[in-house]
Amino acid sequence: MALTELLRCTLLGHLRNRLALVLAVAFIPIWIAVARLCTSDEMVRIWLDAISAPVSAPASQVGQVASALGAITMVAGFITFTETFQSRQMDRRLLLAGYPRLSMLLAKLAAVALTAALLALYTTSLLWISLPVRHVVPLALALAGAGLAYGGIGLLLGSLVRGELEGFFLIIMLSLVDTGLQNPVFNTLMDVAGVSALPLYGVTQLALSSALTAHIPWSHGLLSLTWSAATGALALLVLHSHRPSRSPLSGRKRVQAG
C-alpha cells in the first residue's frame with residue numbers, strides 16, 4: 001500500500017535526523033529545568049480565558065508549563081521541517097514514480113501526529129515529576145496539540161521555503177512570539193489583543209487549566225487541530241503546485257508520438 005510505504009520512508013527520515021533526536025531528548029528537560037530554576041515560587045494571579053476566572057499559582061509552575069509548550073513547538077517544528085525539506089528530491093522521485101500526492105501528504109501528517117504524541121508523553125512525564133499536576137491526560141493532550149500545530153507549520157514551511165535557514169528562523173521566531181504572548185503573566189501586564197488567533201492559544205489555556213486548576217476546558221484543545229488541518233491543506237496545495245507527478249521526458253515522448 002502506498003500510504004504505508006510512504007509513512008515508513010517518512011519515519012525513517014525522522015530517525016536518521018540525529019540532531020532532532022538530541023533536541024527531543026535533551027532540550028525539553030533542560031528548558032523545563034531552566035524555567036524552574038530561574039523563576040521564583042512567589043504566587044502570581046493570572047487570568048485564564050478558558051475558565052473565565054483568575055487563578056493563583058506559583059510563578060515557577062506557570063513558567064514550567066509555558067516552557068514545556070515552547071519546547072515542544074520548537075522541537076516538533078524542527079523535526080517536521082527538517083524531514084520535509086531534506087526529502088524534497090526523494091519526494092519528487094516518488095511522485096514521478098506514480099505515488100499519489102494525497103497519500104504522501106497523509107503519510108507526513110501521520111508522522112506529525114506520531115511525533116507529537118511521543119513528545120507529549122515524554123514532556124508530560126517530565127512535568128508530572130516536577131509539578132503537582134492536577135489532570136495528567138488533558139495536559140498530555142494539550143502538549144500533543146502544540147506539537148500538532150507546529151508540526152503542521154513545519155510541514156508547510158518545509159514544502160514552501162527555498163532555504164533551510166529561512167525555515168529555522170521562521171519556526172524560532174513564531175514559536176518565541178507565540179509562547180511569549182501566551183504566557184499569562186506577560187499577557188496580564190500587556191493585555192495583548194489578537195492572542196486568541198495564534199496557534200498556541202487553545203492548548204495553552206488547556207495546559208494551564210489542567211495543570212493548575214480543577215477545570216478541564218476540552219473545547220480549547222480542539223483549536224490546535226484547526227491549525228494542523230489548515231497547514232496540511234496548504235502543504236497539499238504547495239505539493240500540487242510545485243511537484244509534478246509525471247516525468248517531462250515521458251510527456252515529450254507522448255507529444256512526439258502524437
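Helix α7, spanning residues 164–182, contains Leu176. In this predicted model, Leu176 is partly exposed, at 43% relative accessibility, and belongs to a nonpolar surface patch together with Phe169, Leu170, Met173 and Val177. The briefing below treats that patch, the nonpolar cores, the salt bridges and the cysteines.

**Surface patch**
- The accessible area of Phe169, Leu170, Met173, Leu176 and Val177 together is about 440 Å².
- Leu176 does not count as buried, because its relative accessibility is 43% and burial requires a value under 20%.

**Nonpolar cores**
- The largest nonpolar core comprises 42 residues, of which Ile28, Leu119, Leu127 and Leu143 touch the most other members.
- At least two residues of this core come from each of the helices α2 (18–38), α3 (59–86), α5 (101–130), α6 (136–160) and α9 (201–212), and likewise from each of the strands β1 (43–48) and β2 (53–58).
- Helix α3 provides the largest share of this core, with eleven residues.
- A further core of six residues lies apart from it and includes Leu6, Leu94, Leu95 and Ala107.
- When neighbours within four places in sequence are set aside, Leu143 is in contact with Ala68, Leu69, Ile72, Ala120, Thr123, Thr124 and Leu127.

**Salt bridges**
- Side chains of opposite charge can pair when their charged atoms come close.
- The structure has three salt bridges.
- Glu5 pairs with Arg8, with 2.6 Å between the closest N and O atoms.
- Both of these residues, Glu5 and Arg8, are located in helix α1 (residues 2–16), three residues apart, or about one turn of the helix.
- Glu5 is partly exposed, with a relative accessible area of 31%, and Arg8 is also partly exposed, with 43%.
- Glu83 and Lys108 form a salt bridge through their side chains at 3.3 Å, N to O.
- This pair connects distant parts of the chain, since Glu83 belongs to helix α3 and Lys108 to helix α5, 25 residues apart.
- Glu83 and Lys108 are both buried.
- Lys108 also forms a salt bridge with Asp91, the closest N and O atoms being 3.3 Å apart.
- Asp91 is in helix α4 (residues 88–96) and Lys108 in helix α5, so this pair ties together parts 17 residues apart in sequence.
- Lys108 is buried at 7% relative accessibility, and Asp91 is buried at 5%.
- A network of salt bridges links Glu83, Asp91 and Lys108.

**Cysteines**
- The structure contains zero disulfides.
- Cys9 is partly exposed, with a relative accessible area of 31%, whereas Cys38 is exposed, with 67%.

Key
Residues numbered from 1 in each chain as written. Predicted model: local features only at pLDDT ≥ 70, side-chain atom pairs only at ≥ 80, totals over all residues. Heavy atoms only, no water. Core = buried A, V, L, I, M, F, W, Y, C linked by side-chain atoms within 4.5 Å. Buried < 20%, exposed > 50% of the residue type's maximum accessible area, 1.4 Å probe, protein only. Helix = DSSP H or I, 4+ residues; strand = E, 2+ residues; numbered from the N terminus. Contact = heavy atoms within 4.5 Å. Disulfide = S-S within 2.5 Å. Patch = residues over 30% accessible without salt bridge, like charges linked within 9 Å, V, L, I, M, F, W, Y side chains within 5 Å. Areas by Shrake-Rupley, 256 points an atom, 1.4 Å probe, with all protein chains shown as cover. Salt bridge = Lys/Arg side-chain N within 4 Å of Asp/Glu carboxyl O.
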